[in-house]
Amino acid sequence: MPDSDLAPQPLATATALPAHYYSGAETAARDRHAIFARNWQLVARSAQVATPGDHVVCEIAGVPLLIVRGADAVLRALHNVCRHRAGPLALCDGLAAKRLRCHYHGWTYALDGQLLSAPEMDDAEGFAKARICLPQARVAEWRGLVFAALGDGAPSLEDLLDGVDARIGDRRIQDYVFHSRTSYDIACNWKTYIDNYLEGYHVPHIHPELNRVIDYRSYVVETKRWNSFQHSPLDSGDTLYGSGEALYWFVWPNTLLNVLPDRLQTNRVVPVDAARCRVEFDYYYPAGLPDLHVRHARDQAFSDLIQQQDVGMCELVQRGLESGSYVAGRLNPKREDGVHHFHELLREAYRAGAT
Ligand code: FES
Ligand SMILES: [Fe+2]
């Protein structure tokens with residue numbers, strides 16, 4: 001690929017990332033290596049790992065992980081890969097485990113990853129249980145959400161989320177209660193979906209209903225080193241979200257936080273292969289919210305409507321990207337600074353990944 005694809009671009013003259021980064025044989029492996037194996041992923045909710053032995057299974061860039069609260073109350077992200085012959089320690093989420101037993105031959109580990117016992121290994125010369133421990137990934141909690149990262153290359157979670165706390169203000173989203181998850185399988189590259197999320201330029205054209213409740217002219221994008229923030233006044237009437245603000249954060253590389261009055265929705269945009277992704281919407285509301293059932297049904301219906309409009313366009317854009325007709329178009333500096341910010345982070349990651 002030409003090096004010029006990856007040179008930094010000023011916003012005023014910027015073009016989009018070229019189409020060949022959105023499809024083709026190398027794309028999934030490149031993104032896994034340069035991005036997902038090096039950055040924070042939203043992997044669990046703190047409420048799922050509240051007490052010792054509670055655990056969640058997940059995977060980052062092909063590495064199976066076990067997020068587990070230790071007997072010492074410390075949260076760890078252990079590799080869910082036995083040191084004997086790579087069997088799994090846990091197959092699903094669970095509560096209050098005393099220890100972790102491998103499903104293959106029964107080697108048993110403490111909740112901090114230390115090997116405790118290995119059946120019938122007495123004849124193995126020099127075998128020292130004390131020296132065998134499950135490797136760990138980084139893990140950190142923020143407002144009830146658990147993030148994990150492989151390797152040491154990712155910024156601190158504090159830097160990743162720079163500015164978010166200040167803007168969330170007194171909204172106590174850490175006390176909101178998880179309600180439900182809706183997943184969407186989409187025929188587009190994960191970056192196509194995020195590109196679309198990052199601009200309001202398309203709102204008047206494909207989202208007539210959303211355009212009526214947010215003020216597109218007041219739509220503002222602010223970028224930080226590792227996240228970008230879109231916000232707009234919101235006036236949705238009493239039957240939807242009421243009035244206030246719509247706050248939308250993109251957190252590098254694939255976490256989205258959508259805060260509306262009395263509602264948090266997180267989105268994870270997970271690559272399946274170069275041309276497909278899965279997007280998970282998790283809904284949270286304050287405890288004791290009156291008429292939660294009705295409120296969620298309306299929220300979900302509205303969210304689904306907007307999502308179907310976005311998905312339809314993302315899938316058409318993916319066809320355009322794969323058509324061979326298009327390379328890279330000019331970005332709108334007034335309306336697509338969020339896309340530019342994302343593409344600059346991608347270019348930076350690919351430059352680093354190539355070394
Ligand atoms: S692979 Fe885990 S005990 Fe054998
Ligand atoms: Fe949209």
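Student: Which residues form one aromatic cluster here?

Tutor: Phe-36, Trp-190, Phe-250, Trp-252 and Phe-342 do. Before we go on, remember that this is a predicted model, where local features need pLDDT of at least 70, side-chain atom pairs count only at pLDDT 80 or more, and totals for chains, interfaces and linings use all residues. As for bookkeeping, residues are numbered from 1 along each chain as written, chains are lettered from A and ligands numbered from 1 in written order, and side-chain values use heavy atoms, without hydrogens or water.

Student: How many aromatic pairs does the rule count?

Tutor: The count is 11 aromatic pairs. The rule takes rings of Phe, Tyr and Trp (its six-membered ring) whose centres lie within 6.5 Å, and calls planes under 30 degrees apart stacked, over 60 edge-to-face and the rest tilted.

Student: Why is the pair of Trp-190 and Phe-342 called edge-to-face?

Tutor: The planes make 75° and the centres are 6.0 Å apart. That distance passes the pairing limit and that angle is over the edge-to-face limit, so the name follows.

Student: What makes this a link between distant parts of the chain?

Tutor: Trp-190 sits in helix 4 (residues 190-197) and Phe-342 in helix 8 (residues 337-353), 152 residues apart. Helices here are DSSP runs of H or I with at least four residues, strands are runs of E with at least two, and both are numbered from the N terminus.

Student: Are Trp-190 and Phe-342 buried or exposed?

Tutor: The cut-offs are under 20% relative accessible area for buried, over 50% for exposed, and partly exposed in between (1.4 Å probe, protein chains only). Trp-190 has 1%, so it counts as buried. Phe-342, at 0%, is buried too.

Student: Why are Phe-229 and Trp-249 called stacked?

Tutor: Their planes are at 15° and their centres 4.4 Å apart, so the pair is stacked. This pair also joins distant parts of the chain: Phe-229 is in strand 12 (residues 227-235) and Trp-249 in strand 13 (residues 243-251), 20 residues apart. Both Phe-229 and Trp-249 are buried.

Student: How do you know that Arg-45 lies over the face of Phe-178?

Tutor: A charge sits over a ring if NZ of Lys or CZ of Arg is within 6 Å of the ring centre and within 35 degrees of the ring normal. Arg-45 is 3.6 Å from the ring centre of Phe-178 and lies over its face. Lys-191 does likewise with Tyr-22, at 5.2 Å.

Student: What is the order of the open sheet of 6 strands?

Tutor: The order is 1-9-8-4-3-2, with antiparallel pairing. Strand 1 (41-45) and strand 2 (55-60) each have a single partner strand, so they stand at the edges, with one side left without a neighbour in the sheet.

Student: Why are helix 4 and helix 7 called oblique?

Tutor: Their axes come within 9 Å and cross at roughly 125°. Those axes are lines fitted to C-alpha atoms, for helices over the stretch in contact, with angles from 0 to 180 degrees between N-to-C directions. Under 35 degrees is roughly parallel, over 145 roughly antiparallel, 65 to 115 roughly perpendicular, and the rest oblique. The angle falls in that remainder, and helix 4 and helix 7 are therefore oblique.

Student: Is Ala-86 buried or exposed, and what about Asp-291?

Tutor: Ala-86 has a relative accessible area of 52%, so it is exposed. Asp-291 has 60%, so it is exposed as well. Ala-86 lies in the loop between strand 4 and strand 5, Asp-291 in the one between strand 16 (276-285) and helix 7.

Note on methods: Pairing = 2+ DSSP bridges.
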